[in-house]
Amino acid sequence: MSLNYNEKNITLAKNLRKNATPQENHLWYDFLSKYEIRFQRQKAIDNFIADFYCHKAKLVIEIDGSQHFTEKGSQKDEFRTEILEGYNLKIIRFTNHQVNTNFQGVCEYIDSVVKAFLREEGGTAKP
């Protein structure tokens with residue numbers, strides 16, 4: 001299934017890339033941009049923009065700041081997750097705190113999720 005996206009979000013996604021949070025930049029520049037399987041950052045999907053997206057592993061990674069921990073933020077995240085899962089995507093979330101204090105663990109978990117998906121799909125870990 002191809003991913004639909006709202007064209008109006010393309011400009012916003014470009015701006016978000018230019019104004020990424022320190023945690024998003026850390027994960028991107030120190031891990032995902034060099035990862036053996038291609039990731040995209042600030043990827044428009046449906047009416048949302050995913051922090052990071054890996055097409056090959058059908059994986060969305062979200063880095064959550066404090067706004068995600070309010071009742072309204074939590075409800076938005078649940079709705080968004082439901083829509084994205086409708087595209088047969090897996091969504092994993094990390095907090096800013098996790099990226100700041102356990103970066104190696106975050107990277108290892110992402111790697112394990114990607115490789116587990118590829119094993120299930122009969123793919124390989126090489127691009």
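Modeller: A strand here is a DSSP run of E, at least two residues, numbered from the N terminus. This is a predicted model. Glu62 lies in strand β3, residues 59–64.

Biologist: Why is Glu62 called buried?

Modeller: Buried means under 20% relative accessible area. Glu62 has 3% relative accessibility, so Glu62 counts as buried.

Biologist: What makes a set of residues a nonpolar core?

Modeller: The members are buried residues of kinds such as Leu, Ile, Val and Phe, joined through side-chain atoms within 4.5 Å. The largest such core has 24 residues. Among those with the most contacts inside it are Phe39, Leu59 and Ile61. The elements giving two or more residues to this core are α2, β2, β3, β4 and α5. Helix α5 gives the largest share, eight residues.

Biologist: Which residues does Phe39 touch?

Modeller: Among them are Trp28, Phe52, Ile110 and Val114, not counting residues up to four places away in sequence.

Biologist: How do you know that β1 and β2 pair?

Modeller: Pairing needs at least two bridges. Strands β1 and β2 have five bridges, in the antiparallel sense. Gln40 stands opposite Tyr53 in β2. The two strands form a hairpin with two residues between them. In the turn, Asp46 has a positive phi of about 55 degrees.

Definitions and conventions. Residues numbered from 1 in each chain as written. Predicted model: local features only at pLDDT ≥ 70, side-chain atom pairs only at ≥ 80, totals over all residues. Heavy atoms only, no water. Helix = DSSP H or I, 4+ residues; strand = E, 2+ residues; numbered from the N terminus. Buried < 20%, exposed > 50% of the residue type's maximum accessible area, 1.4 Å probe, protein only. Contact = heavy atoms within 4.5 Å.
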